Amino acid sequence: MSQTQTVLSVRGAQRRYVKKGQAALASADLDLHAGRITALLGPSGSGKSTLLRAIAGLERLDGGEIALGDTVWSNAGTHIPPETRRVGMVFQDYALFPHLDALSNVAFGLKGKDAKAIAQAQLEAAELGHKAKAYPHELSGGEQQRVALARALAPSPAVILLDEPFSGLDRRLRHELRDRTVQTLKAAGATAMIVTHDAEEAMAVADELALMDAGRVIQTGAPEDVWMRPVSATAARLLGDVEIFEADVTNGRADTPFGAVDAAGFEDGRPVHVLIRPQAFTLSLDEAGGFAIKRRRSAGTHLVLEFAPAEGDTPHWHAHTAFPSPLHEGDRVSVELDPAYVTVVKR
Amino acid sequence: MTAGTHKGFWPDRATLLAILAALVCAAPVFAVAWIALTGQSDDYLLHLARTRLPVYLAYSVYVGLVAAGGAALIGTGLGWLIARADFPGRKLFSWVLILPLAVPAYVAAYAWLDLSQAGGPLQAWTGGLFPTVRGGWGAGLMFALVLYPYIFLLARDAFTGQSADAYNAARTLGAGPVTAFWRTSLPMARPALAAGVALVMMESLADYGTVSYLGAPTLSIGLIRAWSGAGSLVDAARLSLILVAIALVVFSLERMQRRRARTTAASGKHKPAPRLVLTGWQSGLAVLACLTPLMLGLVIPLARLAWLALNELAAPGLIAAAFHSLTLASISALCAALLGMATAYALRGGGFMATASARAAGLGYAVPGAVAAVGVIAILSGTQGLIDPAWEALTGSVFPILLTGGAAALIFAYLSRFAAAAIGPSEAALGRVTPALDGAARTLGASARETLWRVHWPLIAAGVCSAGLLVFVEVLKELPATMILRPFNYDTLAIIAHNYAADERLGEAALPSLLIPMVALIPMIFVARYLSRTRTPSGTG
């Protein structure tokens, strides 16, 4: 992979006073790299939308800094207005201007004689050339999203921001538009940030993943790396199911109900969390095994086995396994861990 | 345009204007209350309480109930028909049915009394069977005929907005179509209907021309008599206070209904009901149902007046009066639209001051024109009392009499009564401009000012204009406040019409009476079409 150039940097961004329904920013750091899509994933209330709005210039910063290259966009004393920032934004509800047709919507941010021609070209690229004269309410949800994206891309912004751009759509359309949006962004060579609360969506669109919680970016990296090596229990939970065990390190190892795991790098006596993805468990039929299957259910593409210590039935843990499986409810099993899916983090 | 800015301590320009609107609307009521409570007592009111006051009260209630009942019947029925049924001409009727609002109730009263009085054409054709439109029921009927559009509009939108789910659920639970309507659709529309009924009652309470012409002495009549006959500001203020108290009761009842509305709001996804397609005699009946109130409230009265006007020379001073009417209505409309728009912006920005101002301005709804006029007089004479000594001490000359400021005082009173009416439409229009639209415009390179022109104005213009036009029509029709406040020899169309009609010179009253609805019809058509256009959904899809 070639060296990636940082286009936009956020350092220690703070937003303390916010309106009702908005989350504050404690101290957020983030880099957006040239031509790459960053997915910002976080639960609602984590401040991801506030960060996006701060980058767009729709919110001010109380501290920290947002800069495009050498140009400071926001800090405690500076606030470049949104119209001079060269950001493109796709809003959650698309925010198409209801009084303008699709073509005029796309041309809104363009100046000069060629505005309409450029806008028409953008619409053609979105395969919506024939809808140029249609008003927003005459377009389907998916078409509205494509017009909104075309509109944001038309002025060739330095950075393009997408706020939950697929949330209003049904599942099938969402997948289709997701792929399409990524293709469009890649074709435009855009530096993009997509805000979402859907882990699967974040993993699917991201070149780089940033996890956000309580007003901070808690981890960034390639999606697989972040999934495989979360830095904290919170980070692990954000990306999907995980079993979390508390342990104290003894002799470089941390104890779990399934045996001790390697905790290299932690001094003895250190309290840690052991994070185990459901894929780590291999359950095998074993009359003498210490565990029993409590429930067996299909999760669409794989099987979820709930298991517990054979004696007593709490707690329950979840294992994911491929179809078909010889295991059934009530079977006694032994458990093995694949260390690739196990992470030890400090507590 | 508060996106991205910290709310400062000082209110922004919009909030300042909203506060001004609140002052204009609320000051006269408070002035009236102040005068009524602190003024010197005399025997007039005591005398009145023993003699006429019970009659005034009884007539106010009687007329109000007939008006509300009649208008509710017509308005709800037509609202349902337009919202839920399909028949030839439905789209046209959906806005044409609003037009009787352009006819002042007293104009309808002139025409109907003339048609139905002894020796009039209706009695002649029916052999004396047709009752003479007169008294409490007659006045109530006139109000019902020209004010039903208030209820019609709200009912139509309520029935249109209703999801079919509740009705369908009722059907699956064993209710027939009629029962289902009575037990689901109607109760769900009740808050809207209550709001409309409250408006109709208010208008009938505020009226002077109709009730005085048809002989139904309501409180307004007592109020005007106290002022113009006895010339007592204190007594007029005390009667005003009673009138305002009744108005507040009506409005608090309506508020209670609306508070309950939250529990009756449909849950889940909105699924509009399919229209009932009417055919054959059913659709004929529907068309007839729509035509009847139009004929009774609009066409017949105007035709009769046109006929009378044709047989009479134009009254002198008509041109000047028409000019006065148009000037007053235009200036009031502009000011009201501006104040309404500013208040809507202030509300959008949020903040305590904005909300409080909008509330206070809303008081204007509860202020009958005569009361507003008494309030304005109280304020002006109070101010005069303060300025006179100081002015004389400073300049040695007498300060000009404020009351003869005339037109300005009238506009003050009009605004106090009608500016509140301009807030709602502006607010609704501005509601379509979501914060995300601002954000979209700004990130696409438009400055705050540019966003106002390129995004806000196109989206709110029609709403703001129709708010202004509504005020224009109301001012054109206004009579009691004008009677109390107009400068000497300053006539409006309404005044000329009323004066001739009161003198039993209906022929001369006919042309000015006709001119008011004719002029009002043009803006009314714009308003009606605006209110009936299918709402453009915002970008949310």
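A salt bridge is taken here as a side-chain nitrogen of Lys or Arg within 4 Å of a carboxyl oxygen of Asp or Glu. The model is a predicted one, in which local features need pLDDT of at least 70 and side-chain atom pairs count only at pLDDT 80 or more, whereas totals for chains, interfaces and linings use all residues. Residues are numbered from 1 along each chain as its sequence is written, chains are lettered from A and ligands numbered from 1 in the order in which they are written, and side-chain values use heavy atoms, with hydrogens and water left out.

Over all chains, the structure holds 23 salt bridges. One of them links Lys48(A) to Glu164(A), with the closest N and O atoms 3.9 Å apart. Lys48(A) belongs to helix 1 (residues 48–56) of chain A and Glu164(A) to the loop between strand 7 and helix 5 of chain A, so that the pair ties together parts 116 residues apart in sequence; helices (H or I, at least four residues) and strands (E, at least two) are DSSP runs, numbered from the N terminus. Lys48(A) and Glu164(A) are both buried, where buried means under 20% relative accessible area, exposed over 50%, and partly exposed in between (1.4 Å probe, protein chains only). A further salt bridge joins the side chains of Glu59(A) and Arg53(A) at 3.2 Å, N to O, and Glu59(A) is buried with a relative accessible area of 2%.

Strand 8 (residues 192–196) of chain A has five of its five residues buried, so this strand is largely enclosed by the rest of the structure. In a regular strand the side chains alternate between the two faces of the sheet. In strand 8 of chain A, Ala192(A), Ile194(A) and Thr196(A) point one way, while Met193(A) and Val195(A) point the other way. Strand 3 (residues 37–41) of chain A pairs with strand 8 of chain A in the parallel sense over five bridges, pairing being assigned if DSSP finds at least two bridges between two strands. Within this pairing, Ala39(A) stands opposite Ile194(A). Strand 7 (residues 159–163) of chain A also runs parallel to strand 8 of chain A, to which four bridges join it, and Asp163(A) has Val195(A) as its bridge partner.

In chain B, Asp207(B) is found in the loop between helix 9 (177–206) and helix 10 (209–214). Asp207(B) is buried yet has no salt bridge, the nearest side chain of opposite charge being that of Arg417(B), 9.1 Å away; Lys and Arg count as positive and Asp and Glu as negative, with His and the chain ends not counted.
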